[in-house]
Amino acid sequence: MIIGSNLPGMPWEDKPAGSKEVMWRYSANPIIDRHAIPTANSVFNSAVVAKDGAYVGVFRSDDLNMSSHLYLGKSNDAIHWDIEPDVLKLYNEATGEFDSYADGYDPRVCLIEDKYYVTWCAQFEKWKGPTIGVAYSYDFKKFYRLPNAFLPYNRNGVLFPKKINGNYVMFSRPSDNGHTPFGDIFISQSPDMIHWGEHHHVLEPMGWAWTKVGAGPIPIELDEGWLLIYHGVSQTCNCMIYQIGAAILDKNEPWKVLHRCRNFILHPETTYECVGDVPNVCFPCATLYDAATGRIAVYYGAADTVVALAFCQVDELVKYIKDNDVIG
Ligand code: BMA
């Protein structure tokens, strides 16, 4: 059971008749085209949230110079998106002055109390390698930048939607300055969103995700723990394959893995997942969910080129994880 708000208008499509999949794709995928921004080569790995009866999002686009930036977008149905053509501006919290643009990639958006936090992989030359950028906004109009959370090299900084034991909690995946042929998910904690410590190991590579793992969307609170949807990567003779997996973590000590699914729950197999700038990539960055019905919509980047949508039912997913559990 999901502990959270109801979102009856969220995107949804029933599982196709006869399908045995625990997560199924939207029939009109991809929902966002690679040229959805005038200057874009691609729009993928992006994050959406519900706000004031509609939807807002932070989108990754790689431009015609193959530089990655973040852009704001809005939507009435969370399927058709109006994305602003200019890069998201960040203000300096101390001065309130416009300070920088959001250069980087793979945003996540997390509402904690009254602030929408954006975390992303910040890759300015001055940071000396990829690390976790943090900014917040009250209104999705003005975004204030906070200090980067961690030292380089780090990616996939994903916040929990509420404080746990009085602390903000964030997943991350220490990495290298390149395409990182390794990687475990860790958790760090902070009293103020600036100073991070009390680190714990969470998930290691295993099975179909034998090369590396990284947290995906903001975890979803269930009655029995936190639902973590993550990407897991296997390295073959000619490429890395990015797949989607799921686990359930302890509610109060979320570095404790209660259940971890042996099988992937989505694997690149459609044309839009297997043909693009980086073939064979499903990279989940956000969900929308409706607590009343247990419906979950997963937003994922496909082939580092477009944004796609998939669906699952929480009870069915939890049962699938437990029926195929590698823990215990
Ligand atoms: C990761 C990140 C993601 C990307 C993936 C596959 O290292 O760069 O943005 O989707 O590789 O290329």
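A polar side-chain atom of Asp-304 lies 2.6 Å from an oxygen atom of the ligand, and the protein covers 87% of the 310 Å² of accessible area that the ligand has on its own, areas being computed by the Shrake-Rupley method with a 1.4 Å probe, where for residues only the protein chains shown count as cover. This is a predicted model, in which local features need pLDDT of at least 70 and side-chain atom pairs count only at pLDDT 80 or more, while totals for chains, interfaces and linings use all residues. Residues are numbered from 1 along each chain as its sequence is written, and side-chain values use heavy atoms, with hydrogens and water left out.

**Ligand surroundings**

- The residues around the ligand (a heavy atom within 4 Å of it) are Asn-45, Arg-60, Tyr-105, Asp-106, Tyr-242, Val-278, Val-281, Phe-283 and Asp-304.
- A polar side-chain atom of Asn-45 is 2.9 Å from a ligand oxygen atom, and an N or O atom in the side chain of Arg-60 is 2.7 Å from an oxygen atom of the ligand.

**A four-stranded sheet**

- The strands (DSSP runs of E, at least two residues, numbered from the N terminus) of an open sheet follow the order β1-β23-β22-β21 with antiparallel pairing, where pairing requires at least two DSSP bridges between two strands.
- Because β1 (24-25) and β21 (282-290) stand at the edges with a single partner strand each, one side of each has no neighbour in the sheet.
- Strand β22 (residues 295-302) is joined by eight bridges to the antiparallel strand β23 (residues 306-313), and Gly-301 has Val-307 in β23 as its bridge partner.
- Helix α2 (residues 314-323; helices are DSSP runs of H or I, at least four residues) packs on the sheet and touches β22 and β23, its direction making about 85 degrees with that of β23; contact means heavy atoms within 4.5 Å, and the axes are lines fitted to C-alpha atoms, for helices over the stretch in contact, with angles from 0 to 180 degrees between N-to-C directions.

- Ile-244, in strand β19 (residues 240-249), counts as buried because its relative accessibility is 0%, the cut-off for buried being under 20% relative accessible area.
- Ile-244 and His-231 are 13 residues apart in sequence and 4.6 Å apart in space, C-alpha to C-alpha.
- Ser-188, in strand β14 (residues 185-190), is buried at a relative accessible area of 4%, and its side chain makes a polar contact of 2.8 Å with the side chain of His-199; such a contact is a pair of N or O atoms within 3.5 Å, and within protein one must be able to donate a hydrogen and the other to accept it, while residues adjacent in sequence count only if both atoms are side-chain atoms.

Methods: Buried means under 20% relative accessible area, exposed over 50%, partly exposed in between (1.4 Å probe, protein chains only).
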